[in-house]
Amino acid sequence: MKVLSVKENPEYMKRAITYIQSKWANKQSNKVYENCIEHCITSPNPLPQWYLLLDADQIIGCAGLITNDFISRMDLYPWMCAVYIEEEYRGNHYGSLLLDKAKQDAKAGGFSNLYLCT
């Protein structure tokens, strides 16, 4: 298993957009995900970040690291969002691989906390 940062691997941007939209977006939010993933590549800021979990070259999961996950607490960030693991891969702690990468990137970005809305 390999966790891939879209920011660090922009060649995966289109695949990331398609995959994440298929798991999380609806007609109204498709463009939000597309914009956020596209702009993570060129942003000088540590946020947003988007991740893919790969088994060989097959995408089996995803997650994001963003400033706000539709909550009213604008003073708390960054947020882990859009965490997804394909059903046949669940129960193997693969979500923790995505979380660990997000924690590393949050720390490198100067953040002392990471939030998750459940």
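Where is Thr-18 found? In this predicted model, Thr-18 sits in helix H1, which covers residues 13-24. With a relative accessible area of 52%, Thr-18 is exposed, because exposed means over 50%. Thr-18 and Leu-76 are separated by 58 residues in sequence, and their C-alpha atoms lie 29 Å apart in space.

Read from the N terminus, their order is β-α-α-β-β-β-α-β. The C-alpha trace spans about 35 × 30 × 25 Å along its principal axes. The radius of gyration of the chain is 13 Å, and this agrees with a compact globule, because a globule of 118 residues would have a value near 13 Å.

How much of the chain is buried? Buried residues account for 45% of the 118 residues. The contacts tell a story of their own: among those between residues at least 6 apart in sequence, 59% join residues that are at least 24 apart.

The structure holds four aromatic pairs. One of them joins Tyr-77 and Phe-111, whose ring centres are 5.8 Å apart; their planes meet at 75°, so this pair is edge-to-face. The two partners come from distant parts of the chain, 34 residues apart: Tyr-77 lies in the loop between strand E3 (58-66) and strand E4 (79-85), and Phe-111 lies in the loop between helix H3 (94-108) and strand E5 (115-116). Tyr-77 itself is partly exposed, at a relative accessible area of 40%.

Another of the pairs is formed by Trp-79 and Tyr-115. Here the ring centres lie 5.3 Å apart and the planes stand at 40°, so the pair counts as tilted. This pair, too, links distant parts of the chain, with Trp-79 in strand E4 and Tyr-115 in strand E5, 36 residues apart. Are the two partners buried or exposed? Trp-79 has a relative accessible area of 8%, so it falls under the 20% cut-off and is buried. Tyr-115 is partly exposed, with a value of 22%.

Most peptide bonds are trans, and most residues other than glycine have a negative phi. Against this background, the peptide bond from Leu-47 to Pro-48 is cis, with omega near 0°. Pro-48 belongs to the loop between helix H2 (30-42) and strand E2 (49-55).

Which residues other than glycine have a positive phi? Ala-56 is one of them, with phi near 60°, and Ala-82 is another, with phi near 50°. Ala-56 is placed in the loop between E2 and E3, and it is exposed, with a relative accessible area of 73%. Ala-82 is found in strand E4, where a relative accessible area of 11% makes Ala-82 buried.

Terms used: Residues numbered from 1 in each chain as written. Predicted model: local features only at pLDDT ≥ 70, side-chain atom pairs only at ≥ 80, totals over all residues. Heavy atoms only, no water. Helix = DSSP H or I, 4+ residues; strand = E, 2+ residues; numbered from the N terminus. Rg over C-alpha atoms; globule rule 2.2 N^0.38 Å. Buried < 20%, exposed > 50% of the residue type's maximum accessible area, 1.4 Å probe, protein only. Contact = heavy atoms within 4.5 Å. Phe/Tyr/Trp six-rings, centres within 6.5 Å; stacked < 30°, edge-to-face > 60°.
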